[in-house]
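Have a look at the model, then read on.

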Amino acid sequence: MGYFIGRTKSLNSYKSFHLVFLVLFVLFLGGFRVVLGLNYTKYRQVSNLRFERIQKHIDKITKPPVFTIQSPDGDIIDCVHKKKQPAFDHPLLKNHKIQKMPSEIPRMKMVKIDEEREDNSKKGKEGIKEIEWQMWHLNGTRCPKGTVPVRRSTVNDVLRSKSLYDFGKKRSRSLPLARRVDAPDVVNGNGHEHAIAYTGTSGEIYGAKATINVWDPSIEEMNEFSLSQIWVLSGNFDGSDLNSIEAGWQVSPELYGDSRPRLFTYWTSDSYQATGCYNLLCAGFVQMNSRIAIGAAITPVSSFSSNQFDITILIWKDPKIGNWWMSFGDDTLVGYWPAELFTHLTDHATMVEWGGEVVNTRANGLHTATQMGSGRFADDGFGQASYFRNLQVVDSDNSLSAPQDIQILAENTNCYDIQSSYNNDWGQHFYYGGPGRSPKCP
């Protein structure tokens with residue numbers, strides 16, 4: 001079980017000790033290979049100047065905690081006063097007034113059930129469970145009222161990244177090598193591969209919702225990841241002004257130092273170039289919930305032919321204030337992306353994507369064995385393949401409804417694929433995923 005650390009007055013002393021220890025540790029190791037979770041990475045000798053720059057950045061994003069919790073998985077969760085969280089370091093948010101509650105939560109439209117579209121795919125799904133807990137909850141300790149949980153970053157986290165500049169960021173979203181005219185510009189030119197459903201021809205979109213099956217796919221290389229998420233998009237895919245709001249679960253040894261699935265968020269207003277980041281690793285997202293830590297491990301996860309666990313995520317634009325809110329599970333408000341962060345998304349979204357993404361680095365000239373979803377192909381079905389269910393979009397009336405123009409795309413169906421369907425229980429849904437490298441995916 002984990003334990004808690006009381007009110008922290010010695011944070012600076014801890015950081016100084018941590019810095020000195022890591023400098024000596026890395027200099028001692030030199031070029032030796034060091035085990036970090038499931039993979040190896042090579043630490044170069046690091047200069048004192050680089051360590052000082054990294055520590056300065058860590059100090060900037062580590063806000064003074066009111067209370068600190070040690071999670072059983074090794075995470076340190078700082079309970080930070082809402083008004084002192086990282087979001088407000090953003091120059092566009094210096095005079096931002098915190099929106100305590102959304103003015104309105106999207107409501108369901110009444111839809112007539114189409115008996116002819118009903119099928120039997122809902123049978124045998126009694127083992128589905130909604131995830132309500134994160135790993136840091138297991139010791140029974142919570143953040144005090146008026147604070148928000150922030151997963152503390154360390155120097156080691158930055159050292160696993162390509163550079164300090166790249167820490168907490170996605171690599172630029174490049175154009176695909178072979179583009180379908182009617183498909184979104186998803187990243188595959190730089191090793192990103194997808195299996196997604198998308199909609200973008202029904203006009204203005206003001207949000208999206210889905211329930212996402214949670215697994216713990218294996219990752220082959222330290223700098224690869226596997227995620228399942230919702231994208232809310234607007235702007236020019238071919239230019240530098242794409243706006244994106246994203247949320248879901250992710251396994252990323254480089255970012256988190258382990259292979260656990262974690263709740264994550266992301267945003268960018270310039271096609272992943274200079275703006276935005278994962279979670280709270282830069283200023284932007286305003287956290288409002290004291291029980292949900294973005295970037296913290298999700299538990300439990302699904303297992304083959306047994307209980308299936310999933311999470312429900314809703315993202316929508318507040319109809320009065322214009323901020324983009326996120327809720328988790330049964331309408332639990334997490335926080336929001338302020339409208340000031342965006343250009344195109346200050347108005348509305350033009351496309352939503354749901355699905356999986358992996359990074360394929362082609363180490364040793366072979367396709368990665370990093371798994372997407374559960375690691376099984378879509379036709380393996382319930383209890384084996386991963387799923388998204390109850391896909392919905394938010395319209396200009398702040399109402400939720402099933403998207404009418406869903407299309408699917410998988411760039412490399414020999415490695416990862418997707419199958420879409422509909423029934424009255426799961427609405428618009430799909431199975432997706434795959435193992436990566438195999439005899440038919442060399």
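## A strand and its partners

Strand S12 (residues 226-234) pairs with strand S20 (residues 351-359) in the antiparallel sense, over 8 bridges. Strands here are DSSP runs of E with at least two residues, numbered from the N terminus, and two strands pair if DSSP finds at least two bridges between them. This is a predicted model, where local features need pLDDT of at least 70, side-chain atom pairs count only at pLDDT 80 or more, and totals for chains, interfaces and linings use all residues. Residues are numbered from 1 along each chain as its sequence is written, and side-chain values use heavy atoms, leaving out hydrogens and water.

S12 also runs antiparallel to strand S13 (residues 243-251), joined by 9 bridges. Here are the two pairings, with one bridge for each:

| Partner of S12 | Bridges | Example |
|---|---|---|
| S13 (residues 243-251) | 9 bridges | Ser234 with Asn243 |
| S20 (residues 351-359) | 8 bridges | Trp231 with Glu353 |

Is S12 buried or exposed? It's mostly covered: 9 of its 9 residues are buried, meaning under 20% relative accessible area with a 1.4 Å probe, protein chains only. In a regular strand, side chains alternate between the two faces of the sheet. In S12, Ser226, Ser228, Ile230, Val232 and Ser234 point one way, and Leu227, Gln229, Trp231 and Leu233 point the other.

Conventions
Buried < 20%, exposed > 50% of the residue type's maximum accessible area, 1.4 Å probe, protein only. Helix = DSSP H or I, 4+ residues; strand = E, 2+ residues; numbered from the N terminus.
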